[in-house]
Every structure is written in structure tokens, then in C-alpha cells.
Amino acid sequence: MTSVWRRVGIALAVTAAASVAALATSQAPHAKPKAPTRAATKVVPAPAYIRDRVTELGQGFNGQVGISVKSIDDGWSTGWKANELYPQQSVSKLWVAITAMDAVDKGKVSLDQPVTLTTEDLTLFHQPIAAEVLKTGSFTTTLGDLMLRQITQSDNTANDKLMRSVGGPAVVRAMIKAKHLGAIRFDNGERALQSKIAGLSWKPEYSIGNAFFEARDALPPEARKTAFDRYVARPYDGAAPGAIVNALARLKRGHLLSPTSTQHLLDIMSHTVTGANRLKGGLAPGWVLNHKTGTGQVLGDAQAGYNDIGILTAPDGKSYAVAVMIRLTSVPLPVKMELMNNVVRAVIAQHDMQNAPAAPASQAFQPSR
């Protein structure tokens, strides 16, 4: 009997897959097909110190804030109201950059590809590249230069031109969906978004001088407040800090882009010049931050959107994804920056507690708050 079934096994190994399936069905006519099983994702609990400290910082801040921290190496994460949607503002430029690098990986575009900007491409608020355009009415550069400017300088015109050059807002949204980035929204670029927040519809003339501010100031106060409040309640560019840190962790691990594109984008993010005293203000010597800031409009004394998100890397190479996103607050600027400093300091303290060489009992480390 054993030799017979051995021969049957050999025969089955060389038959078509369909025949094998049919044979299996005939041998077990009443068996129900089993659903594919997935390995359970192991949830790693966050260490008590960082969990409690993040909660303390979130509770103690006078404003609506979301905080999320994720250990990229160890897998734990913690946060404060990290699953709610907060205005991204220029944090959303990161998704444009990832979309551009994804297009490079697919051979659709090249970072060396020339692109010409004209006055029709100008946006509003922070746009250093506008000075180059206005010299002669046009400025030719590359897609790579646009990405450098939109990340490191948070240049709105560079961002919108890069976005249109790789297919527009729909392509960015498609990338977010295709890569399963979760609760992250993307609107229609800076000039469309900022106009809507102010209660306006974009007009090209708003890009020159003070035209946008004059048009915004000319609106009835109640109209502008209605538009502002609508945005705060349901931000068109809203994102959850928890989703952002997961995306940052996947970027760092090389799960979103090719190794070359990953390294290129992370290098650009390490040269960000905006927000020098946000997350960056809490760094300890030897730590590196790859980050992107976001700053929203102000109505009265209230600001909608004041953010910094990034990847912290310790001297020993271990990394943490961090997002601090303020939906609405009226506290002074130093208070907002101090909150971000303290989140970074908490991450560093947690890292040192877990990874620093053991000290004598008399010199045991006590994290500073």
C-alpha cells in the first residue's frame, strides 16, 4: 500500500493545478474551503515612561493637540488623541514628495527633468522661488530642485508646481490610497487650500504682493470666521498623527520607496530649515532629525494648524517617528515650541533608559521633565 501511494504522489506532483484541486474536492465533498489565515500582528506595549509623559504633555497643553510616537526598531507606539484628524498645512508637502519619488521609481519622471515656472504658477504666503520667477517672468529649474525647496524651505509655489508636474492632487491621493497610509487627506494644493480656509476662491492675482491679504481682510468678519471654523472642525487636509508616524516608520524601513529614493528623500528632510525650534529644539547632541513642518492661518489670536513631524535617530542608530499636531490654540509661540521640544526630550529620555549602559545605583538616571 505504501508503494502505491508513493507512486500516486509522484503522479499528482506533475499534474496540472486544476486536476489537483478537483481530486481534493472529490476526496472531501463536504469540506468547506478554509479562509486564508494571517499571522496575528503582535502588539508591543509602549514603555510606561513615554506613555505617561506623552499623556501628561497632551493633557497639560492649552489647545487641541494630537501627539504620536512610534519606535521604528522596537515596534511600540503611544500617543495622545492620535487618531483624530488635524490640519496638516505644509506637512502635506511630504506626500507630494513621496508621490514624486514614487514616479521616479516607476520611471515616469526624472529628478533632472527640467521644468519652467511662470507667473501663472505663483501661489501665496511663503514662496521664495517667486523672486526668481519675477526677475524675468519665468524660471527654469528641475523637479529635484522643486522637491528640495518644497521640503527644506516649505515653498508653496515649488510644492504646487511639483504636484502638478507628477499628475496633480488626484495622483497624490491615489498614492496615499495605494500605499495604504491610512487616515491622511490631501486637498488640491496650497493656493486652493489656503483660499478655502480664508473663505475665498483662488484667483491668480492673489499671488502678487498683498492682494490675497487685502481680499481676505475685505470679507465680512462672520464670513471669514465661518470658513475658518469649518476648516478646524473638518480639515480638508486632515491627518491623524498615528497614521503619520506609521507612514514615517514605513518610509524609514524602505517600505514606501526604493532604497535610493528613500535615502534621497530622508537626506532632504534632514536639511529642513523651517521650524528650527519645534521638534529640533529638543534634540540632544548626536541625534538627527528628518522632518517637515506645517503652519496654518491665524484668525484673531487663534491658529489652526501648527505642526512638526519627523524621524528622530539616536547616535546608536535606533529611530523613532514623531508627530505633534496642534489643531487650534491661542497660546504664545514659545509655548507651542516648548511642547514640541518636550516631546522630543521625552523620546530621548526613554531611549536612554532602555539603551544607555547601566549606571551605578547612586547615579541612576532620572528623566527630566
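How much space lies in the second largest pocket? I looked it up in this predicted model, where local features need pLDDT of at least 70, side-chain atom pairs count only at pLDDT 80 or more, and totals for chains, interfaces and linings use all residues. Residues are numbered from 1 along each chain as its sequence is written, and side-chain values use heavy atoms, with hydrogens and water left out.

**Second largest pocket.** I found about 180 Å³ of space in it. On a 1 Å grid over the protein atoms alone, a pocket is an open set of points with protein on both sides within 12 Å along at least five of seven lines, a cavity is a set where a 1.4 Å probe fits but cannot get out, and lining residues have an atom within 4 Å of a point. A volume is the space filled by probe spheres set on the points, which are joined across faces, edges and corners. I noted that α8 (169-178) and α4 (93-105) each supply at least two lining residues, and that α8 gives the largest share, 4 residues. Helices (H or I, at least four residues) and strands (E, at least two) are DSSP runs, numbered from the N terminus.

**Largest pocket.** I read a volume of about 300 Å³ here. Of its 20 lining residues, S90, F125, H126, N156 and T295 are the closest to the centre. Strand β7 gives the most to this lining, with 3 residues.

**Cavity.** I found 1 cavity of 30 Å³ or more. About 50 Å³ of space lies in the largest cavity, and its lining residues include S92, N159 and D237.
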